[in-house]
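Okay everyone, let's get started. Please have a look at the sequence and the structure on the screen.

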Protein chains: 2
Amino acid sequence: MLAEIEQQPEALERTLREVLPRAEALRRRLEGRRPAVIVLVARGTSDNAATFGRYLLEITTGLPVSLAAPSVTTLYGAAPRWQDALVVGVSQSGASTDVNVCLETARAQGAFTIGVTNESRSALAGLVDEVFPVLAGPELSVAATKTYTGQMLGFYLLAFALGAPLDTERLREIPETAEAFLSLRSEVEQLSERYRFMERAVVLARGLNYANALELSLKLMETCYVTAERFSTADFRHGPIALAERDFPVFLWAPPGPTAAGAAEIVEKLGELQAETVVMAPVDSPSLAKATRSIVLPSVPGERVARPADLYTPIPYIIPGQLLAAALAEQKGLDPDQPRALRKVTQTL
Amino acid sequence: MLAEIEQQPEALERTLREVLPRAEALRRRLEGRRPAVIVLVARGTSDNAATFGRYLLEITTGLPVSLAAPSVTTLYGAAPRWQDALVVGVSQSGASTDVNVCLETARAQGAFTIGVTNESRSALAGLVDEVFPVLAGPELSVAATKTYTGQMLGFYLLAFALGAPLDTERLREIPETAEAFLSLRSEVEQLSERYRFMERAVVLARGLNYANALELSLKLMETCYVTAERFSTADFRHGPIALAERDFPVFLWAPPGPTAAGAAEIVEKLGELQAETVVMAPVDSPSLAKATRSIVLPSVPGERVARPADLYTPIPYIIPGQLLAAALAEQKGLDPDQPRALRKVTQTL
């Protein structure tokens, strides 16, 4: 898992070099032709990447996005009217039966389909109109890391293809920024010892980084067997905050931009409740002052000028989360590459 | 909370009597006019009802549904193109700023808007083209129960208005079925003692009953301070099942119909892992044999003939979940009406 976390800058660089020209060509082809809705189909970590894609696509293209509920099609045999939709399947292996059944249904209706996958020769790749390959190389750990960030990059490229006003220069800087975030490793490893006996936790974020809360929570469950809940900071206040008591551990991201003020409020509120907060934020974040522990994040190119300011943060920001899950698994004497009861490719209908 | 749980048959009856004629009139008005997509906007328990609505609407009307991410509009200032959408706001109080901002944005674009709310004189009700009132009467407990099932009923009526082939006779039987399910109270109270010291749990369901897993998990967090995770049985297998170990408590619904086989498989798998399973299922369910504990559910009219067989199960099926949360709060010496750190109306942007 750690080796694959460290391969991310290289994997992102390779994917960008290969797929950016395709995205540019697709952008020209699609000009003036916009789908009525974008439907994203995925499971597990890929579904977390799709959640990122959902925010990115709605914010930057203005198209409404629906995260598909595959069982509607696979179990109930209903086929939502997707003929005017762009349907995107996301799967590391390209071998998920439920994702592929949804894509087949969409194609049969005449929808334009795209596949984001690490396996260019997979069933998924053979099914879709256009493949956005994730060139992460073989992922051997059951806990997905480099394919998650690769899929996130795929969504930037897809948003660009759909006409989003993204700066390709900023996209080209992502691998280097990811490299800078890997330097957090020893600091995160030291911090992880404190959570050696943690059994429960909550992970929070909002907006473009919300998917990272889902992903860190999933990694804590898979690799550390921590019962890790995940919420948007807003949903957390609508009920689950009742969980927070003295010493209850809450991990959260406080990126620059539109979600910063809400993050600072919740850190303050959790401080009043004497919960333990671990805040991941850039050095000038107002959330850091009230945090129990903090991971100060390197700056992300463009965060002073990008609109929104957190636009290019989600890929580097998951890295301290991945490092934390890997380090904590080690603290707990667990093998993050082979979680109990799991295999790399899960088949569900 | 218990009093409000027991008011549900009456509240459902009142809502049905008032809103079914409106839904019938709207069905005639909307004939031949179908939106490109349905967007549902909600928070907290209302968001769980919206998740039910999502499955029901996609399965019975074939229209794609998107659960809105309010922050896209409220924080990022982006307005997804909703002019061809039907936008439905769901809020007990009708006073949620974020839901109302999304509805205003949708109306300004020309979208047809509907509000499902317990407060007919609320800001939300004043904003929308059509109100589907939930006539649950005042809900005083912070933990929402009767407004949740009232909102679910609102979604049946909305699906009917959009042309779904629902049997109004079956809808009229829902209050009586809910009454029958209230008879589980003493059995559930007895069972609850076993979980007096439970700190973590997982709640599972799938398809039309998936929203009930979200709702029971939220109730366990709010009223019992149990760290209760929630997953679809399919997503659970894609990672979080690693949590399951000897004695780990998993609550799940195993309704008749398309999701029954998958539920039985997961109960068997959890049995192999020596987890503790609490299965809520009708008497002939294959899931009961391998359950650690079970709550045998009364039959739901139509479950032998409805297509799908679980179509009319979700409203009565949440009732043992609500009873369990209320009884467990009592076992733990907590006041479910006044959870710590919560108020009845939560304002987020």
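So, where is the place of A:Met198 in chain A? A:Met198 sits in the loop between α9 (185-192) and β6 (200-205) of chain A; helices (H or I, at least four residues) and strands (E, at least two) are DSSP runs, numbered from the N terminus.

Quick housekeeping. This is a predicted model, where local features need pLDDT of at least 70, side-chain atom pairs count only at pLDDT 80 or more, and totals for chains, interfaces and linings use all residues. Residues are numbered from 1 along each chain as its sequence is written, chains are lettered from A and ligands numbered from 1 in the order in which they are written, and side-chain values use heavy atoms, leaving out hydrogens and water.

Back to our methionine: is A:Met198 buried or exposed? With 8% relative accessibility, A:Met198 counts as buried (under 20% relative accessible area; exposed is over 50%, partly exposed in between, with a 1.4 Å probe and protein chains only). Skipping neighbours within four places in sequence, A:Met198 is in contact with A:Val226, A:Pro249, A:Phe251, A:Leu328 and A:Lys332, contact meaning heavy atoms within 4.5 Å.

Now the two chains together. Chain A puts 68 residues into the contact, and chain B 68 residues. Between chain A and chain B, about 5800 Å² is buried, and carbon and sulfur atoms give 56% of that; buried area is the accessible area (1.4 Å probe) that two parts lose on being put together, summed over both. In chain A, the residues losing the most area to chain B are A:Tyr76, A:Arg81 and A:His238, together 13% of what that side buries.
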